Amino acid sequence: MKISQLPDIPREWEIKQVRHIFNIHNGSTPKSGNPEFWNGNINWITPDDLGSNADKSITSSRRKITELGYKSCGVSLAPSGSIALSTRAPIGHLAITKMPACVNQGCRILVPKEGIPEYWYYSLISAKSLIVSLGQGTTFMELPRQSLASVALPVPSIDSQKAIARFLDHKTAQIDALTAKKQTLLDKLVEQRSSLINQAVTKGLNNAVPMKKSGVAWLGEIPRHWETKRLRFLMTMSGGLTPRTSEPRYWGGDIPWVSPKDMKSERLSSSIDTLTEDALNETTLRLYPTGKVLIVVRGMILAHTFPVAVNEVPVTVNQDMKVLETTMNPEYLAVLLRGIQSLVLSIVEESAHGTKVLRTDLLKDMVLPVPPRVEQDEIVSEVARISSRIDKMVSTVTAAITKLQEYRSALITNAVTGKIDVRDFSIPTTTEQREVAHG
């Protein structure tokens, strides 16, 4: 960071580069195939341990190495009170170590030469956007050691560092508690939306209709006039492929080419990557008309989500997708598949390469409820109404969380650069805290 990139700071403060504030330790990894190097007592921190800055400190690493492993890879053991920082994507996650530790090559560990770790933690968080911007690379982003070493941080007196850390510990804890409450509400809204949709697609909209046993354990009772059928009898399933990426004539045209990264919406009218007529004419790719049900059958997103969408424009798809063509209302089939997401995710397996794969043979054999077409249309309309109402509430809560996060970030920056004078700050009493919490 150039000194000019720092905001104005109090006259009595200093500005120093990271290289002058910390000893910087690089990371490394013992050979993975040698069991003598692993499952020891030495903490070995990776970017996965640092998460998304959810915790200010780290007390243990997920994986540990032995003394032999430690000696084999040339890493340095840093003392408790150091700061572990991820320097490979995602760059900028950090935590204060509460134990001696070393790191892998995706991190560096900063050992303070002066000052207190708690202040440096907040100061580095304030500089995170700059630190991330210094990342370099094409295959993956990495923060070079020299770039990290050149980042400049404001250096107040030890007493000021302690006061700032104490102030931010208290204030960020308050903000984080409010954020957690909002996140809990958000989770409940998402759960409620899923529950209402599941109820609509498996039991219908009229609670007074006579019911019957479906003969399917997960489904239970369904309206007496509904049918049940295996998915294979309700649709045909086909897929796509990836044209040669080395052939520029195939890419950048007007034809959407849908892949899992596009499946972030329930209705699709575009895609990130597009194809030309040449790609369509010179490969076995098929152009699917509007109103088809698109699903993801391979990708890490299947670890937690089953994306389903209906295309509003003609599209092609890649090999990680399937297209379902049905005589049912396609919108109803899409809603039904979303409504039984947990059931579908139960038939996801892991491939030899570690990615997640949906067993389409088992999916086709699933027995699903089939209401008359009129009811399918009614259910689609009701689900749209439910989704619209809940999505508005989700949007409001999400906006509140974003504002809290922005306020937290601004508060940290203002405190570590002296914009807020916290020297006389004292933690409120329990009564004062309760008054703040309740507005």
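**Burial, pairing and contacts in a predicted model**

In strand S10 (residues 152-155), Ala152 and Pro154 point one way and Leu153 and Val155 the other, and all are buried. The model is predicted.

Me: What makes S10 a partner of strand S1 (residues 14-17)?
Reply: Two strands pair if there are at least two bridges between them. S1 and S10 are joined by 4 bridges, so they count as paired. They run antiparallel, and isoleucine 15 stands opposite proline 154 in S10.

Me: Why is serine 387 called buried?
Reply: Buried means under 20% relative accessible area. Serine 387 has 8% relative accessibility, so it counts as buried. Serine 387 is found in helix H12 (residues 373-416). Leaving aside residues up to four places away in sequence, serine 387 touches Arg193 and Ile197.

Me: Why is proline 47 called buried?
Reply: The cut-off is under 20%, and proline 47 has a relative accessible area of 18%, so proline 47 is buried. Proline 47 lies in helix H2 (residues 47-50).

Me: Which residues does proline 47 touch, not counting residues up to four places away in sequence?
Reply: Proline 47 touches Ser86, Asn104, Gly106 and Cys107. A contact requires heavy atoms within 4.5 Å. As for threonine 87, it is 40 residues from proline 47 in sequence, and their C-alpha atoms are 8.1 Å apart in space.

Me: Why is asparagine 39 called exposed?
Reply: Exposed means over 50% relative accessible area. Asparagine 39 has 74%, so it is exposed. Asparagine 39 is placed in strand S3 (residues 38-45).

Me: What sets the phi of asparagine 39 apart?
Reply: Most residues other than glycine have a negative phi. Asparagine 39 is a residue other than glycine, and its phi is positive, near 65°.

Me: How do you know that the peptide bond from alanine 89 to proline 90 is cis?
Reply: The omega of this bond is near 0°. Most peptide bonds are trans. Proline 90 is found in the loop between S6 and S7.

Me: What makes S6 (residues 83-86) and S7 (residues 94-97) partners?
Reply: Pairing takes at least two bridges. S6 and S7 have 3 bridges between them, so they pair. The two strands run antiparallel, and leucine 85 has leucine 94 in S7 as its bridge partner.

Me: What packs on the sheet, touching S7 among other strands?
Reply: Helix H4 (residues 117-126) packs there, touching S2, S6, S7 and strand S9 (107-112). The direction of H4 makes about 175° with that of S7.

Me: In what order do the 5 strands of the open sheet stand?
Reply: The order is S2-S9-S6-S7-S4, with mixed pairing.

Me: Why are strand S2 (22-25) and strand S4 (57-58) said to stand at the edges?
Reply: Each has a single partner strand, so one side of each is left without a neighbour in the sheet.

Me: What is known of the protein chain as a whole?
Reply: Its secondary structure comes to 13 helices and 24 strands. The C-alpha trace spans about 80 × 60 × 45 Å along its principal axes. Of the 439 residues, 45% are buried. Among contacts between residues at least 6 apart in sequence, 72% join residues at least 24 apart. The accessible surface comes to about 22,400 Å², and 51% of this belongs to carbon and sulfur atoms.

Methods
Residues numbered from 1 in each chain as written. Predicted model: local features only at pLDDT ≥ 70, side-chain atom pairs only at ≥ 80, totals over all residues. Heavy atoms only, no water. Buried < 20%, exposed > 50% of the residue type's maximum accessible area, 1.4 Å probe, protein only. Areas by Shrake-Rupley, 256 points an atom, 1.4 Å probe, with all protein chains shown as cover. Axes fitted to C-alpha atoms, helices over the stretch in contact; angles between N-to-C directions.
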